[in-house]
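The following account is meant to be read alongside the sequence and the three-dimensional view. Please keep both at hand while reading.

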Amino acid sequence: MSDSNSNDFFRNPVLGQPAGLFVIFFTEMWERFSYYGMRALLVLFLTSSIMGDNPGWGWPREHALAIYGSYTALAYLTPILGGYIADKIIGYRWAVIYGCLLMTLGHISMALEEASHAFMYLGLFFLVLGIGLFKPNMTSILSHMYKDKIEKKDGAFSIFYMGVNSGAFLGMLLCGYIGESENWGWSYGFGLAGIFMFIGMLQFYFTQNIFGDIGLKPVKNEIVNHNEDPSVAKLNPFSAFDLSIIGLVSVLGLAWIINDPVSKISNFNLFDFNVGSLSGSNFVILFSLLLFVFVLIKRITQYTPVLRDRMIAVIILAFITVFFWASFEQAGGSMTIFASDYTNRILVGNSKIIFNIVNTILTVTPMAIITFVLMKLYKQTFKKYALGNVVLAIGFAIIWFLVIYMLKDQYLQVKAEIPATWFGILNSLFIITFSPLVAKLWESKYNPPATIKNGLGMILLGIGFGVLAFGSSTIPAGAKVASVSLIWLVLAYFFHTMGELFISPVGLSYLSKLVPSRMIGIMFGIWYLAIAIGNKIAGTMGGMIDEITSQYSMTTFFLIFTLIPIGIGVLIMLLTPVVKKIMHGIH
């Protein structure tokens, strides 16, 4: 397939970048709006009392977090399949469109949860499939646009990352406000996520010709670069035995992820047996992990020494990623519960006034910046893509209406109750604020090795939980509610975000440097698998909040997430000389 020449995209730039980048920016923004907006509500909805003013399902926290962990894990596994389908069958663009449609149906289904619980489960199923088709293929379109403009790719991905965080910010802010509001309710919050996902789909569909030929047809896999380092160029095809083991591990792992919440919320348990002292569920997941490690070691030993060493380095970084996301993803689970049930969110007097002013600045400033970008895009694309631009304008008109409505409502209230979901926006806010500074550090002479970056990131993550451990020290053991200062959550999100900036973007960068181009797809699959495992562990560990706090204390619960990341951070930094050696010159 012949893609449009990259130079064609730069003829009528917007802020120095192709207009197509900003079509991707806004489509990604709407998708992340829907994802994070729904994610912010899920656990709160499932655990809210069925008798309250805004009734939920009244589930135990363990059950809700089991669903949450499985959903977020599957959201990182299905992109492996979605990327394959796009590459082999339908192309990037139709994968994005079908993904948007499935996610729209998913959110609409969740909005109908009052009619039947089945709609909630059906909605989560559609969302997982839709994310799988959408997530890997937006970045594929972006990469093809810049294939002849490598020097501009870093800037393009920085803008793309801003779209991700802008969507997350607005989604958690507005879906959270609508969903938690007694005047609206959970169904309206889920439905709002669906509306903007639908707007994102229409905008992309009506503007897609801006990408030329990119993504219309499946892309034939490129063979090894002729300039590839000979020491890593040797092919190592999968044997039938390898594929059979991978297939078995995939089936068992998927069954375990789905069975975990199902066995908790129903009487059905696919693994209702014991092997010695191990439950069937634990036996299956341990057996699957052992099989996976076996096939991984088997394949690594078959590569040339240099590539073998570099792949070991990737696996070490992936191992850190598992523990990072297992802790970091408490944001949508136990930290959301902590915000809802244990944090003083009622503000009166001067505190209310200060919060309203700060919240207005935090909300209106990014909206004004994004609207400015939108106007720039209009000037370049309205004549050729009027319908897509009109759809985008309608979306922003709705957003501005909701923002003004929310702020007006908060100013008119005698006392302000901060939505529990509001704290989630701090992550996106801190990323937007501090990512340019961290990027400058990586480009300077003070750029440390990968292990130092990862180690510092894990330590910062642990410090964030240490803040929560200290802040929760006054909560009695077994307490279901409390009223600690909100400053502890604000500080925790700050340290967690700084840890994320030290780990998340860095890992993907090193992965692309350490393995040959022909293996990028496979290694991204392993990377997504590591994130998926981390997300599932996050749900499982978060689900133990009641058990640990009743036997010990809330401080003990958060200390677990303090000591483990800090310990791993110190360990990985001590391994710096070894890892540096097996990277063979990659920095």
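The model is a predicted one.

Two packed helices are described by the angle between their axes and the distance between the axes. On the side of α2, the residues in contact are Ala 19, Phe 22, Phe 25, Phe 26 and Met 29. They meet Ile 370, Val 373, Leu 374, Leu 377 and Thr 381 of α11. Sorted by class, this contact between α2 and α11 comprises nine nonpolar residues, one polar residue and no charged residues.

Helix α2 also packs against α12, at an angle of about 40° and with the axes 12 Å apart. The helices α2 and α12 are therefore oblique to each other. As α2 passes α12, the crossing is left-handed. From α2, Phe 26, Met 29, Trp 30 and Phe 33 take part, and they meet Leu 392, Gly 395, Phe 396 and Ile 399 in α12. The contact of α2 with α12 has seven nonpolar residues and one polar residue, with no charged residue.

The structure holds three cavities of 30 Å³ or more, and the largest cavity has a volume of about 50 Å³. Which residues line the largest cavity? They are Val 23, Gln 203, Thr 207, Leu 377, Thr 381, Gly 388, Asn 389 and Leu 392. At least two lining residues are supplied by each of α6 (186–207), α11 and α12 (386–412). The largest share, three residues, comes from α12. By class, the lining of the largest cavity has three nonpolar, five polar and no charged residues.

An open space comes next: the second largest pocket contains about 910 Å³. It is lined by 32 residues, of which Asn 54, Glu 180, Glu 182, Arg 345 and Glu 417 are the closest to its centre. The elements α2, α5 (153–180), α10 (334–341), α12 and β4 (416–417) each contribute at least two residues to the lining of this pocket. The largest share, three residues, is that of α10. The lining of the second largest pocket divides into eleven nonpolar, ten polar and eleven charged residues.

Helix α9, residues 305–328, packs with helix α18, residues 554–574, at an angle of about 160°, with their axes 10 Å apart. The helices α9 and α18 are therefore roughly antiparallel to each other, and α9 passes α18 in a left-handed crossing. Ile 316, Ile 320, Phe 323, Ala 326 and Ser 327 of α9 make the contact with Phe 561, Ile 564, Pro 565, Ile 568 and Ile 572 of α18. By class, this contact of α9 with α18 has nine nonpolar residues, one polar residue and no charged residues.

Definitions and conventions: Residues are numbered from 1 along each chain as its sequence is written. This is a predicted model: local features need pLDDT of at least 70, side-chain atom pairs count only at pLDDT 80 or more; totals for chains, interfaces and linings use all residues. Side-chain values use heavy atoms; hydrogens and water are left out. Contact means heavy atoms within 4.5 Å. Helices (H or I, at least four residues) and strands (E, at least two) are DSSP runs, numbered from the N terminus. Ala, Val, Leu, Ile, Met, Phe, Trp, Tyr, Cys and Pro count as nonpolar, Asp, Glu, Lys and Arg as charged, and the others, Gly among them, as polar. On a 1 Å grid over the protein atoms alone, a cavity is a set of points where a 1.4 Å probe fits but cannot get out, and a pocket is an open set with protein on both sides within 12 Å along at least five of seven lines; lining residues have an atom within 4 Å of a point. Grid points are joined across faces, edges and corners, and a volume is the space filled by probe spheres set on the points. Axes are lines fitted to C-alpha atoms, for helices over the stretch in contact, and angles run from 0 to 180 degrees between N-to-C directions. Angles under 35 degrees count as roughly parallel, over 145 as roughly antiparallel, 65 to 115 as roughly perpendicular and the rest as oblique. A crossing is left-handed if the near helix is turned anticlockwise from the far one by less than a right angle, and right-handed if clockwise.
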